[in-house]
Amino acid sequence: MKQKSIFIAAAALLILVFVGGALLYQKQQTEQAAQLAKQNMAALVRMDAPSFGNADAPVHIVEFFDPACGTCREFYPMVKALMAEHPGKIRLSLRYAPFHRGSDAVVKVLEAARKQGKFEATLEALFSRQDAWVQNHTANAQLIGPLLAPLGLDLVQLQNDANAPEVATLIARDLADAKTLNVTMTPEYFVNGKPLPQFGFAELKQLVDDALANTK
């Protein structure tokens, strides 16, 4: 019985050591990510990135996203709802990180739609029917045509703009910035330059709440 108690106590101690080590590692990773972002603000905040909300808002969320990413689709309305809860106080900037196969072609269409003032409508149309053009984690830009038809886009101009060299350059820049900031998955969020301590909407909301509290 005594040996069993000793074994249980030893096992409990090992678990505590493991958990403590994991938490310390996570904290170190978060601190390193924060320092990396601080040192590379030019790579994090690009003034020409698609943006929603008040340009002078005290809280700035930067999101690296992929339109073919299911989690990006799930978080998008939650982030917009969070912004609606604090009118004029939160700005959202979106950075392209087309990590899924074939997604770069879809991002080109999104950027071309932005030139026609239809970025938000196009993004929401793509998210709402993501299952129609993303299969086995692969995006097929040829399947998004029917989703764009009701949006009133000039489709000829859309095609020309999507194939413009400057659009490819912009996407390449965003991908390079993502690499600089060690962004390897989407969505990845930064709030006033701070990365999430760990991924989750609750963690994002907490960072936003902290940033809002600091503006009072």
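**Close-up views of a predicted model**

Figure 1. When the neighbours within four places in sequence are left aside, the residues in contact with K108 are A162, V167, A168 and I171.

Figure 2. Rolling a probe the size of a water molecule over the atoms shows where empty space is left. The second largest pocket has a volume of about 230 Å³. Its lining is made up of 13 residues, of which V109, A141, I144, Q159 and A162 are the closest to the centre of the pocket. Two or more lining residues come from each of the helices α4 (103–115), α7 (145–148) and α8 (155–162), and α8 gives the most, with four residues.

**Figure 3. A salt bridge between R46 and D177.** Side chains of opposite charge can pair when their charged atoms come close. A search of the whole structure finds nine salt bridges, and in one of them the side chains of R46 and D177 meet with a distance of 2.8 Å from N to O. R46 lies in the loop between α2 (41–44) and β1 (51–52), whereas D177 lies in helix α9 (residues 165–180), so the pair ties together parts of the chain that are 131 residues apart in sequence. The two partners can also be described by their accessibility: R46 counts as partly exposed because its relative accessibility is 26%, while D177, at 5% relative accessibility, counts as buried.

Figure 4. D48 and R173 form a salt bridge in which the closest N and O atoms are 3.1 Å apart. This pair links distant parts of the chain, with D48 in the loop between α2 and β1 and R173 in helix α9, 125 residues apart. D48 has a relative accessibility of 38% and therefore counts as partly exposed. R173 also forms a salt bridge with D174, where the closest N and O atoms are 3.1 Å apart, and D174 is buried, with a relative accessible area of 1%. Salt bridges that share partners join R46, D48, R95, R173, D174 and D177 into one network.

**Figure 5. R101 in the loop between β3 and α4.** R101 is found in the loop that runs between β3 (90–96) and α4, and R101 counts as exposed because its relative accessibility is 65%. Leaving aside the neighbours within four places in sequence, R101 is in contact with H137, T138 and A139. R101 and A68 are separated by 33 residues in sequence, and the distance between their C-alpha atoms is 8.9 Å.

Figure 6. T186 and P187 are joined by a cis peptide bond, with an omega of about -5°, and P187 lies in the loop between α9 and β6 (188–191). N136, although it is not a glycine, has a positive phi of about 55°; N136 is found in the loop between β4 (134–135) and β5 (138–139), and it is exposed, with a relative accessible area of 74%. N192 likewise has a positive phi, of about 50°, although it is not a glycine. N192 is found in the loop between β6 and β7 (194–195), where N192 is partly exposed, with a relative accessible area of 38%.

Terms used: Residues numbered from 1 in each chain as written. Predicted model: local features only at pLDDT ≥ 70, side-chain atom pairs only at ≥ 80, totals over all residues. Heavy atoms only, no water. 1 Å grid on protein atoms, 1.4 Å probe; cavity = no way out; pocket = protein on both sides within 12 Å on 5 of 7 lines; lining within 4 Å. Points joined across faces, edges and corners; volume = space filled by probe spheres on them. Contact = heavy atoms within 4.5 Å. Salt bridge = Lys/Arg side-chain N within 4 Å of Asp/Glu carboxyl O. Buried < 20%, exposed > 50% of the residue type's maximum accessible area, 1.4 Å probe, protein only.
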